[in-house]
Amino acid sequence: MEAVVFVFSLLDCCALIFLSVYFIITLSDLECDYINARSCCSKLNKWVIPELIGHTIVTVLMLISLHWFIFLLNLPVATWNIYRYIMVPSGNMGVFDPTEIHNRGQLKSHMKEAMIKLGFHLLCFFMYLYSGSRCPGE
């Protein structure tokens, strides 16, 4: 059972890595004026909920399977994703809003957040890979 948990976590982490790279590329395109703010934000907002669900599932899975260290490592990022989604102002398009993305350095902070998440997911990828390889044969 433990091997199944880590294989699922590894696959989910791969999807989150690709999603983080997609966020970075899309935000870079906006920064270089290759796409407009509305197009960028609609592309990114489409993937906010799948990212939130994917990360939350792994966090809950680690709690259920009693992998406390990995659970506690994932908890702040999952909590941040949920908080960010819940705290979207009522008039905004979503977490990424085209009218505000260029204001107050939001583009830079979104880019920094995407880079941090990419690093976090890469760390988790190797941790799941190592932990899954240490599981006894089933």
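How are helix 1 and helix 3 oriented to each other, roughly parallel or roughly antiparallel?

1. The model is predicted. Two packed helices are described by the angle between their axes and the distance between the axes. Helix 1 covers residues 2-31 and helix 3 covers residues 48-64. Their axes come within 10 Å, and the crossing angle is roughly 150 degrees.

2. Angles over 145 degrees count as roughly antiparallel, so helix 1 and helix 3 are roughly antiparallel to each other. The crossing of helix 1 with helix 3 is left-handed.

3. On the helix 1 side, the contact is made by Val-5, Phe-6, Phe-8, Ser-9, Asp-12, Leu-16, Leu-19 and Phe-23. Helix 3 contributes Val-48, Glu-51, Gly-54, His-55, Ile-57, Val-58, Leu-61 and Met-62. Sorted by class, this contact has 11 nonpolar, 3 polar and 2 charged residues.

4. The second topic is the largest pocket. Its volume is about 340 Å³. The lining consists of 16 residues, and those nearest the centre of the pocket are Arg-84, Met-87, Val-95, Gln-106 and His-110.

5. Which helices supply at least two residues each to the lining of the largest pocket? They are helix 4 (68-86) and helix 5 (106-133). Helix 5 gives the largest share of the lining, 4 residues.

6. By class, the lining of the largest pocket has 6 nonpolar, 5 polar and 5 charged residues. For the contact of helix 1 with helix 3, the corresponding figures are 11 nonpolar, 3 polar and 2 charged.

How values were computed
Residues numbered from 1 in each chain as written. Predicted model: local features only at pLDDT ≥ 70, side-chain atom pairs only at ≥ 80, totals over all residues. Heavy atoms only, no water. Axes fitted to C-alpha atoms, helices over the stretch in contact; angles between N-to-C directions. Parallel < 35°, antiparallel > 145°, perpendicular 65-115°, else oblique. Left-handed = near helix turned anticlockwise from the far one by under 90°. Contact = heavy atoms within 4.5 Å. Nonpolar A, V, L, I, M, F, W, Y, C, P; charged D, E, K, R; others polar. 1 Å grid on protein atoms, 1.4 Å probe; cavity = no way out; pocket = protein on both sides within 12 Å on 5 of 7 lines; lining within 4 Å. Points joined across faces, edges and corners; volume = space filled by probe spheres on them.
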